[in-house]
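Please read this account alongside the sequence and the coordinates. It goes from a surface feature to the overall dimensions and then to a sheet.

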Amino acid sequence: MKKKLALLLTLLLALGTVLSACGGKNSAGDGGSEKEKPKQEFRVNIKTEPFSLHPGLANDNTSGTVLRNTFEGLTRIGLDGKPELAMAEDYEVSEDGTVYTFKLRDAKWSNGDPVTAHDFEYAWKWALDPKNESQYAYQLYYLKNGEAANTGKAPLDSVGVKAQDDKTLVVTLEQPTPYFLELTAFYTYLPINSKIAQKNPDWYKNAGEDYVSNGPFKMVTWEHRNKIELVKNDQYWDKDNVKLEKITMHMIEDANTELSMFKKGELDWAGAPFSALPTDSIEQLEKEGILNIKPIAGVYWYKFNTEVKPLNNVKIRKALAYAIDREAIVKNITKAGQIPAMAAVPPSMFPENEKGYFKDNDVETAKKLLEEGLKELGYKDVSELPVIKIAYNTDEAHQKIAQAIQDMWKKNLGIKTELENEEWAVYIEKLHRGDYMVGRMGWLGDFNDPINFLELFRDKNGGNNDTRWENPQFKQLLIQSQKERDPEKRLELLKQAEKIFMDEMPVAPIYFYTNAWVQKDNLKDVAISGLGDVQLKWAYFE
Amino acid sequence: MLKYILRRLASILLTLFVIVTITFFLMRIAPGNPFTSEKKIPPEIEANLMAHYGLDQPWYKQYFQYLIKVATWDFGPSFKYKGQTVNDLIADGFPVSLYLGLEALFIAVFFGILLGVFAAVRQNSWVDYSSMSLAVIGISVPSFIMAAVLQYIFAIKLQWFPIATWGSFKHTILPALALAMMPLAYIARLTRSTMLEVLNNDYIKTAKSKGFSERVIVYRHALRNSLLPVISYLGPLTANIITGSFVIEKIFGIPGLGAHFVQSITNRDYTVIMGVTTFYSIILLLAVLLVDIVYGLIDPRIKVSAKEGV
């Protein structure tokens, strides 16, 4: 018996040594040492199967990532983050800012067909046609009668987009839209080869002869839920500036697998914006000095249900917001260089918002506000305050943040809280229904304009408001800003609106999002916009 | 026998009906719908979508329409992957899962029996101890940890295999191994213990005394009789390996059917939930039936017809 045990132990020990011997140093990538010209092939993981690679149907980031590289709109967001002319060669805006006339350049689809103004008209009307069930059709509501046509209240012909001839596109807007050239770079505004789409309505379902595009790359392989392969589009008008020959996009769910593949050299990139790094690896990568971090236009915030006692009191809301130590949260929990948020609009749009409207972790003021708030509500002291429920969707990071905030509110203000977590779809329903007290939510900009972060709170019952908060002055300022043609004055109006918003505090901002990733050292010029959108048009290996 | 099979098939249909019904209602009770998202879509668009997919109809209508769809094996379009039907997803994903599953099954059975026989024949030798400690590790380490360890040793350190993705035969080896480890260990232990039992039987002793070589005794006489429990374990195992590989598929980035089983629920992708559940149920029920039939064929002591009352 003793002999047996000894043998078993020896075996286990041996196994242990073998395993631990494998745990040596972590080599970071294998690039850099080749002398000959590097292969211009980019390999990346996009995590999931895209919802749809039809520009009019796509409604998610993954599809967007593929479409931005295969298609091209009237404009494209350049390396500097600003919209530049792409399919359009030139444009004119009418005096009142509602009519845009675009002149198209001589460009071709990947099968050699010319890109015409009709292709744009067709694509936009297709997306607005209610029978095509585009979930992102509302991105086109800026067009005159766009919303009416999409909801069946007006014929499609009345929509404000018209191909005057093959090279001239006239776009009429519902109202002046100062950021319209940002929008025309967005994927719902991409053109479709109308000749093919009319002949074969299923053209977008698979790669093949009928899947044609007009951007820097064209899709040659689409193995559903396995991989997508793009190659350089030799029909692209600006092909001289495209250096990558091939792009392989894998679809691997597991973030740890992705990172291992990167470390072994099977991928050239791991992490945002294509997918996400495993949260617990970020600290280690940071130490190794290979982590890249870039702020993006997105904010993580706690929404207050302003119709529930005691959150109907602005001073209580403010006390809660002020008593959060954001610095501690981004340093100890999220760890990817996030910026503490004391404002609603990200600093990439309002640079001064890096400081924000109030002091982070201002416990003194918070205590004072709480006192006053309690009095206004008729409570004698904190112990009479109802228990505040903090809701979040089931996820490790959300949970840790909620626990930290629970602790801060208890320590700083003596407020009792309870945590509630739910599965994602259940959670969203609950928030949209207003069946919550305090709940976490994230918000990412669709295009580069502050209106993105304010508009959702314009109407009490707007689809994404959730806080049930409404303010006539705030609303008025937003409406005014839409009509203002002078960009400086317009931003001023939006700033004023944000100030009101932060005074009323229907949400407590926590932090502004960042993109964190690792990449091959010799990979250059991958364009990541302020929104976190990625383009590979200019990318190359040195 | 035929009567028995027909009877069983009828009970399978009934079971399927119950599964489909329960799944349908559980799915609908869960809050949210396939169009739930962080950025809420305008109510008009949502209403239009609901109408298009028939989700605005009263529940009993949807339920009966659904039963018809299942009966005609047309599960409809996926909500999450536009332009792909559930039938497409199954047709794409199942062959991958099946291939992976069969490879794992082969590894598990072949090496499991081999280890078990060696261990039994050389009882209490180092062969026995090392194969049984391996078996203990195989049974106690969960497959996702096994997967990470395999990736680390064979892909990152030794660089013999790719870490993940699906393509050539080389890509299949690590995931198949990870998937096979648990059943392999189980089969090894099972084989060893029955083999030991058989080796102590009188007829083996007789064979020995007649002067047959050890090889003949072990492989011709003992092994055959000790395989019975292994075969009976194969049925549930096959179903298990083929349907339960989603963790391994996720880690290795394999486009199999397993991922749909889990993700469709988070996505509230109603049609996929129903389609995959029905499909898996059929596989499981058939596997169980098959085992019961094979049981009766191999071991005459078990009479299938005796079970008719069940």
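This is a predicted model: local features need pLDDT of at least 70, side-chain atom pairs count only at pLDDT 80 or more; totals for chains, interfaces and linings use all residues.

The relative accessible area of I29(B) is 65%. Since exposed means over 50%, I29(B) counts as exposed.

Chain A comes next. It contains 16 helices and 21 strands. The C-alpha trace of chain A spans about 80 × 75 × 40 Å along its principal axes. Of the 542 residues in chain A, 58% are buried, a term that here means under 20% relative accessible area.

Within chain A, 4 strands form an open sheet with mixed pairing, and their order is 1-10-9-8. Strand 1 (41-45) and strand 8 (217-223) of chain A each have a single partner strand; they stand at the edges, and therefore one side of each has no neighbour in the sheet. From one strand to the next, the twist averages 15°.

Which strand does strand 1 of chain A pair with in the parallel sense? The partner is strand 10 of chain A (residues 246-250), and the pairing runs over 5 bridges. At the residue level, F42(A) has I247(A) in strand 10 of chain A as its bridge partner. In general, the strands of a sheet pair through backbone hydrogen bonds, either parallel or antiparallel.

Technical notes. Residues are numbered from 1 along each chain as its sequence is written. Chains are lettered from A and ligands numbered from 1 in the order in which they are written. Side-chain values use heavy atoms; hydrogens and water are left out. Two strands pair if DSSP finds at least two bridges between them. Helices (H or I, at least four residues) and strands (E, at least two) are DSSP runs, numbered from the N terminus. Axes are lines fitted to C-alpha atoms, for helices over the stretch in contact, and angles run from 0 to 180 degrees between N-to-C directions. Buried means under 20% relative accessible area, exposed over 50%, partly exposed in between (1.4 Å probe, protein chains only).
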